[in-house]
Amino acid sequence: MTSAAGSPIETARANRAMLGLRGRGAIITGASHGIGRETALRLAAAGAVVVATGRDEPALRSLAIEAECTGGVIHPHRADLTDQADRDRLSAAARRQVGLVSILVHSAGVHRRDPLAHAPVAHLDEQFAVNVRAPYALTQTLLPDLIAAHGDVVFINSTQGLSAAAGVGQYAATKHALRAVADALRAEIADTGVRVCSIFPGRTATPMQEQIFRDEGRPWNPDLLVHPRDIANLVVAAVALPAGTEISEVVIRPARKL
Ligand SMILES: NC(=O)c1ccc[n+]([C@@H]2O[C@H](COP(=O)([O-])OP(=O)(O)OC[C@H]3O[C@@H](n4cnc5c(N)ncnc54)[C@H](OP(=O)(O)O)[C@@H]3O)[C@@H](O)[C@H]2O)c1
């Protein structure tokens, strides 16, 4: 058996373990709100140089100011991830701002609910475009950087990506597809030193979940839900792990059954 100790991958990871996340370049999608926002703040606090993207420019600007107050660096970048030109501009801007992109966190997502009997097929296309096609294409564009950096790709999936509930077949189908993208990628690039992590959250206190509560006619009670900060901490833990170890999949859900 050959040992990987002393290989370039091992050396890069050992350096990284000493430095924490300091200086690592990161792109976080869906960073204007919810889980992506918390993740951008936590990664910046841990020393990563972050490009935060979404469509809501004022929200991205206030995120950058919040990070600055705690000594973190977040570059806001507006992009509609369903638009290839926007995705290309995002990748180019990130390379200029952070150099090599070594952490890519896919948190952007959309959620629609309706049983198959009524759900418009256009809603399936919309969710597929944001939840699957965009992270697939963005990862493909940035893969050379991630390989050169022995980096990390994190997909924020959903418990609906493991088992589909009634009424959310379209959303669950996109999240099952996203798990397949992550699993295939992990297998394809296993020997490059790039790690691939899928996180499967249950109900989490974000604007998306608040809308789901409204649709279900429930009173909004964020205290019963996972806090987005807990998912952000999982992301940081996964990308800060030392050499030779990967967190491939994590399920995180409210302890109390809703
Ligand atoms: N909250 C939950 O209970 C829960 C549970 C399981 C999984 N998840 C998953 O976790 C991830 C984050 O969800 P969240 O709860 O944080 O949702 P959220 O608060 O609604 O935030 C969603 C983010 O996605 C971005 N986004 C949506 N469409 C986009 C587009 N076309 N182009 C660029 N950005 C786009 C939004 O940006 P703009 O608003 O700026 O466009 C926003 O920043 C999603 O993948 C979701 O499926 C959430």
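The following legends describe close-up views of a predicted model.

**View 1. The shell around the ligand.** The ligand is surrounded by 31 residues, and the closest are Ser32, Arg55, Tyr171, Thr206 and Gln209. By class, this shell consists of twelve nonpolar, 14 polar and five charged residues. Two or more shell residues are supplied by each of helix 2 (34-45), helix 6 (169-188) and helix 7 (207-216). Helix 7 provides the largest share, with three residues.

View 2. The structure contains one aromatic pair, formed by Phe213 and Trp220. A pair of aromatic rings is described by the distance of the centres and the angle of the planes. For Phe213 and Trp220, the centres are 5.1 Å apart and the planes stand at 90 degrees. The arrangement is classed as edge-to-face because the angle between the planes is over 60 degrees. Phe213 has a relative accessibility of 3% and is therefore buried. Trp220, at 31% relative accessibility, is partly exposed, because this value falls between the limits of 20% and 50%. Arg218 lies over the face of Phe213, at 5.4 Å from the ring centre.

**View 3. Asn157 and its contact with Lys175.** Asn157 is located in the loop between strand 5 (152-156) and helix 6. With a relative accessible area of 3%, Asn157 is buried. Its side chain reaches the backbone oxygen of Lys175 at 3.0 Å.

View 4. His150 occupies the loop between helix 5 and strand 5. The phi angle of His150 is near 50 degrees, a positive value in a residue other than glycine. His150 has a relative accessibility of 14% and so counts as buried, since the limit for this class is under 20%.

**View 5. Ile231 of helix 8 and Glu38.** Ile231 belongs to helix 8 (residues 228-240). The relative accessibility of Ile231 is 0%, so this residue is buried. Along the chain, Ile231 and Glu38 are 193 residues apart, and their C-alpha atoms are separated by 8.2 Å.

View 6. Ala137 is part of helix 5 (residues 121-148). At 17% relative accessibility, Ala137 is counted as buried, because the value is under 20%. Ala137 and Ala44 are separated by 93 residues in sequence and by 25 Å in space, taken from C-alpha to C-alpha.

Technical notes. Residues numbered from 1 in each chain as written. Predicted model: local features only at pLDDT ≥ 70, side-chain atom pairs only at ≥ 80, totals over all residues. Heavy atoms only, no water. Phe/Tyr/Trp six-rings, centres within 6.5 Å; stacked < 30°, edge-to-face > 60°. Buried < 20%, exposed > 50% of the residue type's maximum accessible area, 1.4 Å probe, protein only. Lys NZ or Arg CZ within 6 Å of the ring centre and 35° of its normal. Near = heavy atom within 4 Å. Helix = DSSP H or I, 4+ residues; strand = E, 2+ residues; numbered from the N terminus. Nonpolar A, V, L, I, M, F, W, Y, C, P; charged D, E, K, R; others polar. Polar contact = N/O pair within 3.5 Å; in protein donor to acceptor, adjacent residues only side chain to side chain.
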